[in-house]
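Below is what I looked up, in the order I looked.

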Amino acid sequence: MASVKEKSKQNGKAPAAEKTQHPKERYMYWYESMQLQRKFEEKAGQLYGQQKIRGFCHLYIGQEACSSGSYTALTKDDKWITAYRDHGIPLALGSDPKAIMAELFAKQTGSSKGKGGSMHIFDKSVNFVGGHGIVGAQIPMGAGIAFAEKYNKTNNLCITFMGDGAVRQGALHEAFNMAMLWKIPVIFVVENNGYAMGTSVARTSNVTDLYTIAEAYDMPSEPVDAMSVEAVHEAVSRAAERARAGEGPTFLEFRTYRYRGHSMSDPQKYRKKEEVEEYKMRDPIEQVKAAILEKGFATEADLAAIDQKIKGIVEESVQFAEESPYPTADEAFKDVYMQKDYPFLME
């Protein structure tokens, strides 16, 4: 029998997910959650073109199975942290789309009070510890958050997302070593969409099966077909079970794909249109839709009604953001220090 590593090399894809039965409620959540992320991001792209959203903006279109599949495998008390492609995860966790859209507009009613923008979404109410702009910086932070859960004996974990470019950062190796040494309950996830900005993995890494990096630390790891929300759910479930059993971290390589550029300023000259279309043939939302119809969980009309509801939610979020005020000048000095009378604050 071929090893996991050998299997992963076949056509550059992760091994197919085991045929696990999932309940109707889970499939319906997956469909609605991924559609919300897709439609929200498509609208964000339009608004950026209208210059209503400024600065950096990294869309999650194509990668929705990563967040939605992980969500159903974890508990509401687990913590989440990611890089700057960070709109999709809080939406999957249940953040208010109005607050996320307002943050993209840099409005006072945004999830970070308009001071974070696209790259720095936070939502404590759903245990989302934020999007982080420094490449790889969230990796040791995620391990630290998980260490706190272990120290406090909560039985919770932290799932820590990164892009494939972050895997080349030294912070990853330091965090991997400490996480294994102390058996920290953290799930490290690399969302390998094939390109670090405009540079392919093959041009920046001698190791292209990224999950094998964990072997140097004796850390359990596996590749995951992250165009399949079922495969994501099952891989994260296995990793969570190990973490809660005190066995420490897991490194998962989510093999996914972004249909849009790295950011809104990306002309995408580094890949062919045919490559994008090939991945769209495996679209995670269409796969879930087909499974729902095949299993008789819902009809075409039922799914169309969900789509219409999501359209309304997105439009409502835009109206809310449009009508919300910008932060006042005094907000610049708030939420900087925990201690309100910190001695170095100047009046």
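First, my term: a nonpolar core is a set of buried Ala, Val, Leu, Ile, Met, Phe, Trp, Tyr and Cys residues joined through side-chain atoms within 4.5 Å. Buried is under 20% relative accessible area, exposed is over 50%, and partly exposed is in between (1.4 Å probe, protein chains only).

Ground rules: this is a predicted model, where local features need pLDDT of at least 70, side-chain atom pairs count only at pLDDT 80 or more, and totals for chains, interfaces and linings use all residues. Residues are numbered from 1 along each chain as its sequence is written, and side-chain values use heavy atoms, with hydrogens and water left out.

Confidence: I checked pLDDT (the predictor's confidence in each residue, from 0 to 100). The chain's mean is 92, and 93% of its residues reach 70 or more. Residues 1–12 fall below 50, yet I find 17 contacts (heavy atoms within 4.5 Å) for that stretch beyond near neighbours in sequence. Where pLDDT is low, the predicted coordinates should not be read in detail.

Core: the largest nonpolar core has 63 residues, and Ile187, Val236, Leu252 and Phe254 touch the most other members. Helix 2 (residues 24–49) gives the most to this core, nine residues; helices here are DSSP runs (H or I, at least four residues) and strands likewise (E, at least two), numbered from the N terminus. A second, separate core has 24 residues, among them Phe188 and Met219.

Backbone: Ala106 is not a glycine, but I noted a positive phi of about 60°. Ala106 sits in the loop between helix 5 (97–104) and strand 2 (128–131).
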